Every structure is written in C-alpha cells, then in structure tokens.
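Subject: Structure handover

Hello,

I am passing on a structure for you to look through.

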Amino acid sequence: MRSVKSTFSILCSVYCVLCTHPVRSEVTTTVLGSVTDAECGTGPIAGAIVELDGAVRAVANSEGKYILTQPRPTVVLGLPPGQHVLMVAVEDFRSKVVRFSMSSLEPDGMPIRVDIGLWRRSGAPCAAARPHPTIDAADGAAGLVVDDDRDGIDDYVEQWLGERFAPIVYHGESERNFPASVDWFLSKTRMFTYDDACEPDEKHEVPGPLTQGRLTGRSFRATCQGTSTITSDSTRSRCKQATFFLSDLAKPDQAGLRNKPAEWVTYLHAYPNSLGGVTLQYWRFYAQDDDQRHLIHARVGPFEMELIPGHGGDWEGAMVHLNGLLLPASVDRLGHATIDAVAVTWVQGQHPIIWSEEGGHTSDPNQLDMISSRFIEQQTWSGGTVTLPDGSSAGYSGGLRNVGERSHPLAGQQFIRYSGLWGSPGDWFVTSGYWGPAFNETGSVCEDGVTPAYKSGVPDCSPVPVGCGRIFHTAWCKSMDFTQMDRDRECTASDQSR
Ligand SMILES: [Ca+2]
Ligand SMILES: [Ca+2]
Ligand SMILES: [Ca+2]
C-alpha cells in the first residue's frame with residue numbers, strides 16, 4: 001500500500017513539475033483603465049503612478065490611460081481571497097487606494113477595467129474644488145469599502161498596509177518577560193479601583209471574570225480625592241493616584257507567553273496622516289517591565305537613591321509613517337521618555353528591524369544596547385514565523401491585529417478604550433503600572449501642543465505644568481490628520497484625575 005502511495009505521489013510531482021507549474025505561471029492579470037480629475041472635470045491626468053498590490057507599477061500616459069499586467073497572485077496578505085488593491089498617486093491630487101474583486105473564474109487574459117477619479121489635494125483651479133489633505137482610501141465609487149473604525153481608510157487597506165510594513169522584532173536570549181496578548185493577560189489579572197488619597201490607600205476589586213468588554217463602562221467615586229467620579233474609559237489619572245488598575249501578575253506569569261509565540265500578537269493602529277499617507281503603529285504588550293539597567297537617580301530629603309523602574313503592564317511600539325505614495329517616509333520608536341525618529345534596517349525594503357531591549361522592551365533601531373548576543377526573531381505579520389537562536393523554527397507568530405480607533409475599536413478590541421493602568425500602583429510613579437496605547441504618556445504634551453506633560457527621569461509624577469490643560473497623547477496620535485479625525489475624542493482623555 002505504501003509503495004503504491006509513494007509511486008502516486010512521485011507521479012503527481014512529475015506531473016506538477018512538467019505540466020501544471022508552467023501553465024500556472026502563465027496565468028496573468030491585466031488591469032487597465034483611466035485616471036481622471038474627478039473634481040474639475042478637466043479630463044485625464046497624465047503621469048499618475050498606478051500600482052497593483054504594491055507589486056507592479058505603471059505610469060498613466062498623456063490620455064490618462066494605464067495598463068498593468070502581472071502573474072495572478074492567489075492571496076494578497078491582509079485582503080480577502082480574490083481581492084486586490086490599486087494605488088494611484090500624482091502630485092497635487094489625493095492619493096487613492098481602491099480595493100476590488102477579481103474572480104478566479106475569469107478567463108486568463110481577460111482584462112479588468114478600473115477607472116479612477118482623483119480629488120484635488122490643494123489649490124482651486126475650478127470653482128468646485130476644495131482642498132482635501134488626506135489620502136482617499138474609502139471612496140466606494142470604484143471599489144468595496146469597509147470602514148468600521150471610521151478613519152476614512154478602508155479597514156482591509158489598513159490591514160494590507162499593516163502586513164506589508166510589519167516589523168521583524170528581535171528578542172534577546174536573556175529576555176525574561178516575553179510578549180503576551182491582551183486576552184491572555186485579562187484571564188490572569190484582576191481589576192481594582194484605587195484611591196491614593198485615602199489613608200491607607202483604598203483598593204476595591206471589581207468582580208470578575210474579566211474580558212475586554214468588561215474593562216469599559218465602569219465608574220467609582222474617589223471619595224478621599226474629593227467627590228470626583230472616576231470612569232474606566234474616559235478618566236485618565238495623570239499621576240496614577242485615582243484610577244482603575246489591572247493587578248500585576250504572579251511571578252511565573254510575568255514571563256509572559258514565553259513558550260507560546262503563536263500568541264505573540266502585535267497590535268496595529270493605522271490612520272490617515274498629515275503627509276497625505278497612512279501611519280502604521282505596531283504595539284507589543286508584555287505582562288511586566290523588568291528594566292534593571294536604566295536606574296533612576298533621586299534625592300529624597302537628604303538621601304540620594306537609585307530606583308529600579310520596573311512595573312507591571314508594559315506597552316512598547318514603533319510607527320511607520322507612509323507618504324502619499326504609500327512608501328515609508330520615516331520611522332519613530334517609543335523611547336524611555338520621548339518619541340524618537342530612528343534609522344532602521346529594512347528587510348526586502350518593507351519590514352523594519354526592531355530590537356526589543358531586554359527587560360524594558362524599548363524598541364531600538366540597532367543591537368548596540370542589547371545584552372544578549374543571540375536572538376529570537378519574530379516576524380510580526382500574519383503568517384510570519386518565530387525563529388529560535390539555534391535557527392530552529394518555533395512556528396508562527398501571533399500575527400497582526402488591527403485595533404481600530406479609540407473612538408471606534410475594531411473586531412472587539414475594546415481594551416483600546418480602557419483608560420486605567422495595566423499593572424498595580426507601586427511606591428513611585430515610575431514603578432506603577434502604565435497606560436495602554438491610546439493613553440500612553442511617552443512624548444505626551446500639554447494642551448498648548450508643545451510643553452512636555454511629564455518630566456523625564458524623575459521617579460515621581462512631575463508637578464503639573466501651570467495651565468497644562470488636557471494632555472495630548474502623542475504616542476497614539478503622532479502626525480494624525482485632524483481634518484479626518486476628531487482630535488479631542490481620539491487623542492485626549494475627556495476627564496483627568498490626580
Ligand atoms: Ca478604517
Ligand atoms: Ca484605523
Ligand atoms: Ca517598558
């Protein structure tokens with residue numbers, strides 16, 4: 001029986017190599033159409049760059065006509081099967097991204113027609129024109145649109161771009177706290193209310209079990225702070241003194257999902273930016289920050305002291321800002337206290353390499369600050385793999401999950417609206433749990449948009465700058481286009497507590 005099977009499989013292989021494979025490679029897709037000025041009706045736009053699936057590119061001729069041919073791919077990562085994207089960009093017009101369907105039943109060689117009308121980006125050469133600063137990736141005229149997070153960009157296009165530019169993350173061999181997922185953390189932690197003004201501190205547990213949906217819509221009265229009402233999705237406690245929090249995990253669980261890289265989820269936040277493109281934020285979550293290296297020097301009365309700044313609940317990340325051609329213009333990383341532009345190494349021109357510092361997990365652009373000399377490689381895109389230091393495979397990573405916008409989370413990722421702390425309050429500001437992505441303090445500024453909201457390198461909460469007002473959460477909203485997004489609703493907490 002076994003020999004019959006092997007013979008059959010050998011025959012199949014020969015057949016595949018000799019017959020099927022050459023035929024398959026000849027299956028091509030032709031997409032053609034014209035690019036026109038949708039606003040002024042001035043006709044064709046010559047010189048527009050048209051790109052199919054980010055793979056093949058053409059330039060529209062003097063009549064605005066383009067034609068693209070490429071081997072038909074079966075699946076474009078991030079899109080439903082049979083779907084493709086066209087990107088069209090030309091100076092002075094909004095770049096446009098159109099998602100369209102292509103049936104596998106269509107006869108080989110039958111061209112698909114996609115005509116594109118572009119809107120003007122600035123200037124007003126005709127009476128009807130008005131400036132549109134952002135990318136146009138949710139216009140239903142030529143394609144299908146799903147925009148559940150209401151940021152003006154088709155959610156599948158967000159996923160496609162997210163997968164395309166997803167980082168490769170290196171974790172040191174000596175790392176003790178590996179990535180975790182939100183849902184796993186919630187199954188292990190407990191939720192509490194916290195009022196630091198009481199003597200002793202007052203904590204009350206919120207009855208479990210915890211799920212993402214149960215993180216929001218809660219409130220309590222912090223009576224020792226006065227009579228203020230603290231909510232779990234709109235109050236942000238500036239100095240972590242009156243807030244909800246999720247308790248630190250037991251020691252063995254602080255290691256995170258060390259042996260389950262298939263659950264190392266990378267959380268994507270994608271939104272229109274002021275470059276006329278899209279910004280892609282990639283967030284990683286760890287149950288614990290165990291930073292032993294970046295000690296904080298402090299003076300308390302006559303005493304000099306050094307603090308180890310570790311804390312529960314650690315969110316870290318990097319962001320790729322794409323320009324109007326949907327190409328990377330710059331990369332920012334969340335540093336220890338600031339957001340810094342970094343020069344990264346790109347793999348295949350599209351995946352930036354990020355080094356996760358052991359313990360503190362800061363995203364580094366190179367390995368200079370890494371302690372280890374051997375690393376675990378994590379490809380963060382969906383279907384990406386994890387490779388151990390000895391070169392053996394640890395299977396797939398947890399892939400990429402688009403959380404949507406804070407005002408409109410996607411696919412049940414309600415955690416993004418939770419304004420409390422991920423981790424228990426400690427003796428100091430820097431040893432207390434930190435905020436999630438949408439309320440993160442890194443690089444945050446006062447209402448004036450300039451003054452830093454926090455003083456870096458001090459163990460306790462820095463005194464509130466006079467007239468700071470509502471804090472702008474730069475880490476969540478850097479370069480966001482506010483003609484498309486609601487600045488207040490997305491980037492500031494509607495209520496602050498101490
Ligand atoms: Ca969207
Ligand atoms: Ca989005
Ligand atoms: Ca950290």
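The notes below go from the whole chain to single elements.

This is a predicted model, in which local features need pLDDT of at least 70 and side-chain atom pairs count only at pLDDT 80 or more, while totals for chains, interfaces and linings use all residues. Residues are numbered from 1 along each chain as its sequence is written, chains are lettered from A and ligands numbered from 1 in the order in which they are written.

Confidence

The average pLDDT (the predictor's confidence in each residue, from 0 to 100) is 89 for the protein, and 92% of the residues score at least 70. Residues 1-25 have a pLDDT below 50, and beyond near neighbours in sequence this stretch has three contacts in the model. A contact here means that the C-beta atoms of two residues, placed from the backbone, lie within 7 Å. Where pLDDT is low, the predicted coordinates should not be read in detail.

Overall form

The protein has five helices and 33 strands; these are DSSP runs numbered from the N terminus, with helices being H or I of at least four residues and strands E of at least two. Its radius of gyration, taken over C-alpha atoms, is 25 Å, close to the 23 Å given for 498 residues by the globule rule, so the protein is as compact as a globular protein of that length. That rule is 2.2 Å times the number of residues to the power 0.38. Along the principal axes, the C-alpha atoms fill a box of roughly 80 × 75 × 45 Å. Among contacts between residues at least 6 apart in sequence, 64% join residues at least 24 apart.

Domains

The domain assignment, automatic or from a database, gives domain 1 (28-145) and domain 2 (146-498). Their centres, taken over C-alpha atoms, are 35 Å apart. In the contact between them, 20 residues of domain 1 meet 25 residues of domain 2. On the domain 1 side, β5 (83-89) and β6 (96-101) are the elements that give two or more residues, and β5 gives the most, with three.

Sheet and hairpin

Five strands form an open sheet of mixed pairing, in the order β12-β11-β16-β31-β32; strands pair if DSSP finds at least two bridges between them. β12 (202-206) and β32 (434-435) stand at the edges with a single partner strand each, so one side of each has no neighbour in the sheet. Within this sheet, β16 (residues 242-246) pairs with β31 in the parallel sense over two bridges, and F245 stands opposite L421 in β31.

Elsewhere, β19 (residues 296-300) and β20 (residues 303-307) pair in the antiparallel sense over five bridges. They form a hairpin with two residues between them, and G301 in the turn has a positive phi of about 60°. I296 has L307 in β20 as its bridge partner.

One loop residue

F415 is in the loop between β30 (400-402) and β31 (421-422). F415 counts as buried because it has 24 C-beta neighbours inside 10 Å. Leaving aside residues up to four places away in sequence, F415 touches V182, Q212, L215 and G436. F415 and T211 are 204 residues apart in sequence, but 8.9 Å apart in space, C-alpha to C-alpha.

Regards

Key: A residue is buried if 20 or more other C-beta atoms lie within 10 Å of its own, exposed if 12 or fewer, and partly exposed in between; C-beta atoms are placed from the backbone.
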